[in-house]
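Welcome! Take a moment to look over the chain and turn the model around. We will then walk through it together, a stretch at a time.

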Amino acid sequence: MAISLRKARSIIRKALEKGREMELKPLSVVVLDAGGHVIAFEREDGAAPGRFAIAHGKAYGSVMLGMAGTAQMQRAEAQAYFMAAVNGVYGGQVVPVPGGVLLRDRKGEVIGAVGVTGDTSDNDAIAAMTGIEFAGLTGEA
């Protein structure tokens with residue numbers, strides 16, 4: 001199963017709506033496919049221009065490692081050298097914190113990832129999961 005542009009846009013729309021509902025700081029949301037390629041991205045008015053790299057890094061680390069942001073952060077805390085090595089392998093593109101959410105199909109296979117940034121990492125993950133659930137997909141935060 002691949003993530004369509006339409007599904008990616010619906011994930012983004014609902015994640016941003018959740019952010020506004022929760023009165024979060026301006027969010028940026030990216031959706032990647034299973035190969036780590038960008039399907040769609042949006043940055044709310046007022047979000048810092050560097051937020052694309054952070055949202056992408058959260059999602060990219062998730063899809064490339066098959067490990068959600070929360071698990072990556074736990075791994076970084078337990079084995080900092082491992083995550084430092086991973087980041088070296090991926091050219092510094094991995095941001096191992098919540099807000100990077102894996103997308104899985106019904107069989108449990110990774111089909112992509114969502115990265116949200118702009119507020120606290122935990123709030124970013126809530127916004128991502130809201131968008132994912134709205135789109136009828138399974139997320140792993």
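Let us begin with V94, which touches G57, G61, Q72, M83, V86 and N87, leaving aside its neighbours within four places in sequence; contact here means heavy atoms within 4.5 Å. V94 sits in the loop between α4 (80-89) and β3 (100-104). V94 has a relative accessible area of 4%, so it is buried. Buried means under 20% relative accessible area, exposed means over 50%, and partly exposed lies in between, using a 1.4 Å probe and protein chains only.

A word on the source: this is a predicted model, in which local features need pLDDT of at least 70 and side-chain atom pairs count only at pLDDT 80 or more, while totals for chains, interfaces and linings use all residues. Residues are numbered from 1 along each chain as its sequence is written, and side-chain values use heavy atoms, with hydrogens and water left out.

Next, find H56 in helix α2 (residues 51-65). Because its relative accessibility is 11%, H56 counts as buried. Apart from its neighbours within four places in sequence, H56 is in contact with V30, L32, G36, V38 and Q93.

Now move to S28, in strand β1 (residues 28-33). S28 has a relative accessible area of 0%, so it is buried too. Not counting residues up to four places away in sequence, S28 touches F41, E42, R43, A47, R51, A55, G115, V116 and T117.

How do the helices pack? Two packed helices are described by the angle between their axes and the distance between the axes. Helix α3 (residues 69-78) and α4 have axes that come within 5 Å and cross at roughly 120 degrees. Axes are lines fitted to C-alpha atoms, for helices over the stretch in contact, and angles run from 0 to 180 degrees between N-to-C directions. α3 and α4 are therefore oblique to each other; angles under 35 degrees count as roughly parallel, over 145 as roughly antiparallel, 65 to 115 as roughly perpendicular and the rest as oblique. On the α3 side, Q72, R75, A76 and A78 meet A80, F82 and M83 of α4.

A second pair is helix α1 (residues 5-21) and helix α5 (residues 121-134), whose axes come within 7 Å and cross at roughly 135 degrees. α1 and α5 are therefore oblique to each other as well. Among the residues making this contact are I11 and A15 of α1, and I126 and I132 of α5.

Finally, look inside. The largest nonpolar core has 22 residues, and I11, V31, L103, V114 and I132 have the most contacts inside it. Such a core is a set of buried Ala, Val, Leu, Ile, Met, Phe, Trp, Tyr and Cys residues joined through side-chain atoms within 4.5 Å. At least two residues each come from α1, β1, β3, β4 (110-117) and α5, and α1 gives the largest share, five residues. A second, separate core of seven residues includes V30, L32, V63 and A113.

Notes:
Helix = DSSP H or I, 4+ residues; strand = E, 2+ residues; numbered from the N terminus.
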